Amino acid sequence: MACILHIDTSTDVCSVAVSEDSHVIFDQEDHSGPNHAERLGTFVDEALSFTDNHAIPFDAVAVSGGPGSYTGLRIGVSMAKGICYARNLKFISVPTLELLCVPVLLRELVPEGALLCPMIDARRMEVYAALYDRALKPVREVGADVVDSETYKPWLDEREVYFFGGGAEKCMETINHPNAHYIDGIEPIAKWMQPLAERRLLNGQTEDVAYYEPFYLKDFVAKMPKKLL
């Protein structure tokens with residue numbers, strides 16, 4: 001198995017965790033942000049000191065790769081790259097929308113056949129969202145959505161869909177459908193990265209430290225049709 005340092009700064013929350021052999025052995029979170037520039041360095045220092053004091057060697061660093069805040073992602077990725085360079089570690093990127101699904105799958109009773117729709121808030125009624133089945137296989141890839149009553153209707157007419165994440169709450173009155181369900185309190189947190197990061201490391205899905213760029217929200221805006229802007 002592996003020891004992985006996990007970093008998430010994709011939203012206002014700043015969090016760092018360490019997992020070893022599929023168990024989280026260190027976890028720090030700050031929900032008062034955004035103050036990543038202030039808190040991330042402290043959390044990482046504490047994590048590195050913890051593992052060094054216990055003589056636990058790292059195998060990789062995993063970072064939440066977006067979509068998310070430009071500033072937050074830039075801070076997290078820069079920190080992760082620096083540690084990888086300094087300690088000659090592998091670099092793993094975990095999609096933020098997949099990360100949001102982990103606590104839902106672990107804590108909620110999601111029926112067989114239902115879909116998961118994690119959402120990251122944008123402006124007005126815009127969100128950045130994807131649709132996954134319970135195995136986290138994409139049913140609809142990540143996209144920028146202007147939410148109205150028809151946005152997810154093709155999937156809602158066929159099965160139950162669970163909406164969650166920072167963009168979901170504002171959409172639930174608009175998504176008025178009997179198959180639509182809302183789960184409150186779901187945020188991307190570093191400790192939930194463990195199963196996704198370990199799977200990527202096992203499958204050899206690592207990134208080039210020199211050339212990797214996260215999935216900024218601005219990347220979506222640049223690709224959106226003008227009528228949606």
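Let's begin with helix α1, residues 36–53: at 1.5 Å a residue, its 18 residues should span 26 Å, and its end C-alpha atoms are 25 Å apart, which agrees. That expected span is 1.5 Å times one less than the number of residues. Helices (H or I, at least four residues) and strands (E, at least two) are DSSP runs, numbered from the N terminus.

A word on what you're looking at: this is a predicted model, where local features need pLDDT of at least 70, side-chain atom pairs count only at pLDDT 80 or more, and totals for chains, interfaces and linings use all residues. Residues are numbered from 1 along each chain as its sequence is written, and side-chain values use heavy atoms, leaving out hydrogens and water.

The pLDDT is the predictor's confidence in each residue, from 0 to 100. Its mean over the chain is 92, with 94% of residues at 70 or more. Over residues 224–229, though, it is below 50, and beyond near neighbours in sequence this stretch has eight contacts (heavy atoms within 4.5 Å) in the model. Where pLDDT is low, the predicted coordinates should not be read in detail.

Back to α1. After α1 comes Ala55, with a positive phi near 55°.

Two of those covering strands, β2 and β3, form a hairpin with two residues between them, and Asp21 in the turn has a positive phi of about 50°. The pair is antiparallel, over seven bridges; strands count as paired if DSSP finds at least two bridges between them. Cys14 has Asp30 in β3 as its bridge partner.

Now for the open sheet: five strands in the order β8-β7-β6-β9-β10, with mixed pairing. β8 (138–146) and β10 (180–183) each have a single partner strand, so one side of each is left without a neighbour in the sheet. The twist averages 20° from one strand to the next. Inside the sheet, β6 (residues 115–121) and β9 (residues 161–164) run parallel, joined by four bridges, and Cys117 stands opposite Phe163 in β9. Helix α3 (residues 96–107) packs on this sheet, touching β6, β7 (126–132), β8, β9 and β10.

Methods: Axes fitted to C-alpha atoms, helices over the stretch in contact; angles between N-to-C directions.
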